[in-house]
Amino acid sequence: MPKKLKYVALISIAIWLSGCASSRHLPKVENAEKSFSERMATYKAKKCCKSMSELIVTEFDDELIFTMEENEDLISLDGEETNYMLFSVAESSEKLYYGIRSFYVDHKFAFIPKVSVLDKSFNVLGSTHPSFIQYQHQSLVWDDSHFWLYFSIDNSKNSGVAYVVIHQQEELGSKFQISPRESTNIETTFINGQPISYSQNATSFSFPTLVSPSGILVLQKLSNWNKPINNSIFYQF
């Protein structure tokens, strides 16, 4: 191929990739398109506060897509009035793994998640630390920038965890930013039914992000097939 045509081809590929990178690739869920001001108005209109024992328990199989606006009432936790998502933990002799992704909406705001575990009497047994929240910038193909938080529960050690509640980590309207962090992630995907593992070296960082009372989130139950191999990224209960 002549040198001039090679340059044209390279420029065309670069333009195509940059165009695709600006394509939003966010999960579909009701109220996902709301602005920050609309989310704040919804939050301020809610009643506070439900006692922990009165909270609505949400059941799901392997994945749940939500906004944190699904429940009508707020709860008070860590001195903050917050939206919540509560789910039960099945009794198991094996360690349970979970992952939360909270998407960076319009590159302006996001819900910054915190996870607390409760016993059968709804007493708080422990909570995640913000240092375990990391950030995944958009790929070359899709704009799916998001914060992520992994955690595990080991009830074989008699931890007594019966419920998990997701609530806000930071003060609403403040700016949240994680410190740069080098990591190597090993991910597993399936191609034609066969598991394929691959590694990615990445530096996690984020821009100052406006903390929203709701967002677009994905909660997943993880198995040995799709959980990250590096257990150090999991907050362990």
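## Phe 151 and the cores

Not counting residues up to four places away in sequence, Phe 151 touches Phe 87, Leu 96, Tyr 97, Tyr 98, Ile 100, Val 115, Thr 128, Val 164, Phe 234, Tyr 235 and Phe 237 (contact means heavy atoms within 4.5 Å). This is a predicted model, where local features need pLDDT of at least 70 and side-chain atom pairs pLDDT 80 or more, while totals for chains, interfaces and linings use all residues. Residues are numbered from 1 along each chain as its sequence is written, and side-chain values use heavy atoms, leaving out hydrogens and water.

Phe 151 is among the residues with the most contacts inside the largest nonpolar core, along with Ile 153, Ile 166 and Leu 219; this core has 35 residues. Such a core is a set of buried Ala, Val, Leu, Ile, Met, Phe, Trp, Tyr and Cys residues joined through side-chain atoms within 4.5 Å, with buried meaning under 20% relative accessible area (1.4 Å probe, protein chains only). β10 gives the most to this core, four residues. Apart from it there's another core of 11 residues, including Tyr 84 and Val 165.

## Ser 116

Ser 116 sits in strand β7, residues 113-118 (strands are DSSP runs of E, at least two residues, numbered from the N terminus). Ser 116 is buried, at 1% relative accessible area. Its side chain makes a polar contact with that of Ser 127, at 2.7 Å; a polar contact is a pair of N or O atoms within 3.5 Å, and within protein one must be able to donate a hydrogen and the other to accept it, with residues adjacent in sequence counting only if both atoms are side-chain atoms.

Definitions and conventions
Buried < 20%, exposed > 50% of the residue type's maximum accessible area, 1.4 Å probe, protein only.
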